[in-house]
Every structure is written in C-alpha cells, then in structure tokens.
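Here are my notes on this model. Please have the structure open as you go through the points.

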Amino acid sequence: MGVLKHQGTGRRVTLAARSLVGRAEGCAVRLTSRRTSGEHAVLFWDGERWSTRDLGSRNGTTLDGRRIATTERVAVALSGELCFGDDAERWTLEDAGPPTASARAAATGEVRTAEHGLLVLPDAADPRATLFEDRDGRWLVELDGDVRSAVDHEQVEADGPWVLRIPPPAQGGAVPTTHAADAVKLMDDTVLRFEVSRDEEHVALSIVHGGQLTSLSGRTHHELLLALARARLRDKQSGAPPAEQGWVYVDDLLDMLKLDLKHLNVKLFRARQQLAQAGLIEVGALVERRQMTRQIRLGTASVEIIRH
C-alpha cells in the first residue's frame, strides 16, 4: 500500500486513494511547519501509480529537488522525496503499492495484505479477525463478534498480536480503488438466488444483477447462507418490520448446522471471499451482528429460494 515516511521523525502515514497534505485538521498527512499551507498538496492513486499535485501553496512543493508547478500532476516513484514548503517537511514514498489494508505480525514481521477488499487474521483456516471495507471506503474489523472501525497502527489479537495498516477513507468523495470499476455492490439491486434439491442435499447459489445471472461453484458455506436467507423470508412473510427480520441466535445456528464457533467463522469468511471474487463489493455487509444478544442475520433481504 502507499506509505509516506517523514525523514526527520520516521513517522509513517498510510495513504488513501486521495490524501490531502497540509496543516489543516482534515488532512490525511498532517504537516506542522508554519511555512506550509492548510491544504498544501494532494497525493492520489491514479489506478497505476501514485501522483502528486501542489494546491497553490505559498512555499511550493518539490519532488526529488524539482519544484512542481501548480498545474502539474507528477508521478511519484518508490523512494521519491517530497518536500512540502520547508526542509522540516521532507517525506519519502516508502511503499508505492495501491491503497489497501494490511497487517504485520508483531512476533515474526510477516505481512498480510487485503485481497478483494478482505483481510483475515491469522489465516483463512482460523479467521479470528476479519477486515473489510464499507460502502464509503472505510475499513472495519470484525473481532469476537463485534464490528467496529479499524484504526491505522492499532494492534489486534488474533492468535498473536498484529499491527494494522489502514488507509483512511478517500477524501472528496473519491471512489475506493480496491475494487474493479465494474464491481457490483451487494446491497444495490443484487439478488442472492438459492436453488435447493428436494432432499436438501444440494444447494446452488447464484447472483442476479441487472437481469444477468452468475452461478457460483458449490461450497459448504451455501448451507449457512441458506439458513440465514430462510430466516429472512420467514420473518418477512410473518409481517415483521424490516429491522427485525432474519435475526438468529448464534447458539441456535450452531446447533442447527452442527458447527462450532470456529467453523462458523470460517464459513462466513469463505462466503464473503467467494462473493468478492465474483465481483461483489461491500461483502462485509453479507452478515450483520448484534453483539449484546449474540444474534446474526443475512445483511440483504434480496433473496430467492427455489426448490427442485
């Protein structure tokens, strides 16, 4: 991911797809020198590389010693040196990867990077913590049944301590760049269609969007999603209000599916992963949780169940 390092203090800032640089409180890269402007410059990911543009600052911006004109958009290479108005504000592009979340194991230094908008810790076989993006490009962490905002450089416990590197949400309404431009949002006119055999031994899952159907390869987690989809439809048909439809106690779900909590979490992660690989974004919203009551539900009411 993009990481900017201050040459004097060693402070590191994880970059969003578009990150303002300056002294103003809302800037992602906060400067302290009084020779810098409130909104001094901007760093942004153009889909292939990091670039920068001076925002008409009083004392200017240089890249590798050359002053950047206000109208210029200049690519910043790995290890490129940026100076914002003052020698005290010299920064280096330490990591030139695209903006996404990652985590480093405190004990070993191993680094894991998010794929398809998902990051699981310590690994896919034991998903104790899951990170994912919401519709505004903010990263959330699901840990011990709780979902909250992830914080850059915070430490989470997942079979050992992991230090998170979290890019802030893109500023100025920019669309997160983790996903392809034609990615389909889970919550926007997308239907999850389940086809179930009469003996219930086979469950097929498809995505219906814009009149097009995408069939997903069979997976054991489809049974879990089907159980949650049935709870949604049952409550809808009984007249329950939308906010109360589909909630299931975790313990009841474990008994119904003959699972333990670890394997439930594995199936939830793999369900999100499969949908993300199929081109859906916001897959973190696939399942919602009520922490105080230990209830979960399918995050979308757009479901169909067809029996054969």
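Which strand holds Pro122? Pro122 lies in strand S14, residues 118-123.

1. Basis of the notes. This is a predicted model: local features need pLDDT of at least 70, side-chain atom pairs count only at pLDDT 80 or more, and totals for chains, interfaces and linings use all residues. Residues are numbered from 1 along each chain as its sequence is written, and side-chain values use heavy atoms, with hydrogens and water left out.

2. Confidence. pLDDT is the predictor's confidence in each residue, from 0 to 100. Its mean for the protein is 87, and 93% of the residues reach 70 or more. Strand S10 (residues 81-84) has the highest confidence, at 97, and strand S20 (residues 184-185) the lowest, at a mean of 60. Over residues 173-181 the pLDDT is below 50. That stretch still has 16 contacts in the model beyond near neighbours in sequence. A contact means heavy atoms within 4.5 Å. Where pLDDT is low, the predicted coordinates should not be read in detail.

3. Overall build. The protein has three helices and 28 strands. These are DSSP runs, numbered from the N terminus: helices are H or I with at least four residues, strands are E with at least two. The C-alpha trace spans about 70 × 45 × 35 Å along its principal axes. Of the contacts with a separation of 6 or more, 51% join residues 24 or more positions apart.

4. Surface and burial. Of the 308 residues, 47% are buried. Buried means under 20% relative accessible area, exposed over 50%, and partly exposed in between (1.4 Å probe, protein chains only). The accessible surface comes to about 15100 Å² (Shrake-Rupley method, 1.4 Å probe). Carbon and sulfur atoms account for 46% of that surface.

5. Charge. There are 40 positive and 44 negative side chains. Lys and Arg count as positive, Asp and Glu as negative; His and the chain ends are not counted. The centres of the two sets lie 3 Å apart, with each charge placed at NZ of Lys, CZ of Arg, CG of Asp or CD of Glu.

6. Helix H2. In H2 (residues 250-257), Val250, Leu253, Leu254 and Leu257 are buried. They share one side of H2 because they cover an arc of only 100° around the axis. The arc is that of the directions from the helix axis to the C-beta atoms. An α-helix has 3.6 residues a turn, so residues three or four places apart point the same way. Asp255 and Met256 are exposed on the other side of H2. The packing partners of the buried residues are helix H1 (221-237), strand S24 (248-249), helix H3 (261-277) and strand S27 (295-298).

7. Backbone points to check. Most residues other than glycine have a negative phi, and most peptide bonds are trans. The bond from Leu121 to Pro122 is cis, with omega near 0°. Lys258 follows H2 and sits in the loop between H2 and H3. Its phi is positive, about 55°, although Lys258 is not a glycine. At 74% relative accessibility, Lys258 counts as exposed. His153 also has a positive phi, near 70°. His153 is in the loop between strand S17 (146-149) and strand S18 (155-157), and is partly exposed at 39% relative accessibility.

8. Arg138. This residue is in the loop between strand S15 (126-133) and strand S16 (139-143). Arg138 is partly exposed, at 37% relative accessibility. Arg138 and Pro98 are 40 residues apart in sequence and 15 Å apart in space, C-alpha to C-alpha.
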